[in-house]
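Dear colleague,

Please find below the structure that I am handing over to you. My notes on it follow directly after.

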Amino acid sequence: LVYYAIMYTTVTNAALINAGVPVATVGFSWLILRDVISRRQAIGIFLAFTGIVFVVTKAQLGILLSLEFGLGDLFMLLSVLSWSLYMVMLKHAQIKASPWTILVVLTISGTFWLMPAYGIELALGYRMQWTSLTFASLAYVSLFSTIVSWACVNYGTMRLGPNRASAFMCLHPVFGAILGMIFFNEVLRSYHIVGTLLVLIGIFLVSRAMAAAQSVKP
């Protein structure tokens, strides 16, 4: 859904909608796990979301007001809801298996879901251009974005819970800005610093609140 959404929306729209993962996760946690967030957690989520808005919109209100939403944004929203529900259900299921075992199951089942989509693309005449850049990109996506990151997400969600784990999703735009500076010589701006600080403070508040709540449980 994310890959499809990016084709029909802007990176700014996608990043802002993706920032809704912690909020949606809290909602599903309340519906399914009956988890209730504290005031500190709510403030943390709000600060993290505000930090993302700072980074993505470059602290310019005009960019935020000029956003237009369409089909790609709808797919991005469906992705956020799916991701949030996955994190909650992963905790709710209490699966007694290693993150690597879960990853294998997801990979196999995901392959069956993607095969019809790939067949449709071939029927429509879409072909992949096999170049060195293509192989390098697929290697990175397969190894790091899929195998390593999914195993970490599965392990972290089962250990921390969906609410606490989803707060770390707010770091996506922050890391994106850092990588932009490394690979594309982008300049570090004041809004990067302000946004990053807000995200880090928000994540800290959510993590500390969850840790305190878990420590008082019998």
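In these notes, contact, or touching, means heavy atoms within 4.5 Å. The model is predicted: local features need pLDDT of at least 70 and side-chain atom pairs count only at pLDDT 80 or more, while totals for chains, interfaces and linings use all residues. Residues are numbered from 1 along each chain as its sequence is written, and side-chain values use heavy atoms, with hydrogens and water left out.

Thr25 lies in helix α3 (residues 21-33); helices here are DSSP runs of H or I with at least four residues, numbered from the N terminus. Leaving aside residues up to four places away in sequence, Thr25 touches Ser84, Met87, Val88, Pro162, Asn163 and Ser166. Thr25 is buried, with a relative accessible area of 0%; buried means under 20% relative accessible area, computed with a 1.4 Å probe on protein chains only.

Ser79, in helix α6, is likewise buried, at a relative accessible area of 12%. With residues up to four places away in sequence again not counted, Ser79 touches Leu1 and Val2.

Helix α6 (residues 71-93) also packs with helix α2 (residues 11-18), at an angle of about 25° and with the axes 9 Å apart. The two are therefore roughly parallel, a term for angles under 35 degrees; axes are lines fitted to C-alpha atoms over the stretch in contact, and angles run from 0 to 180 degrees between N-to-C directions. Asn13, Ala14, Ile17 and Asn18 of α2 meet Asp73, Met76, Leu77 and Val80 of α6.

Yours sincerely

Notes
Parallel < 35°, antiparallel > 145°, perpendicular 65-115°, else oblique. Buried < 20%, exposed > 50% of the residue type's maximum accessible area, 1.4 Å probe, protein only.
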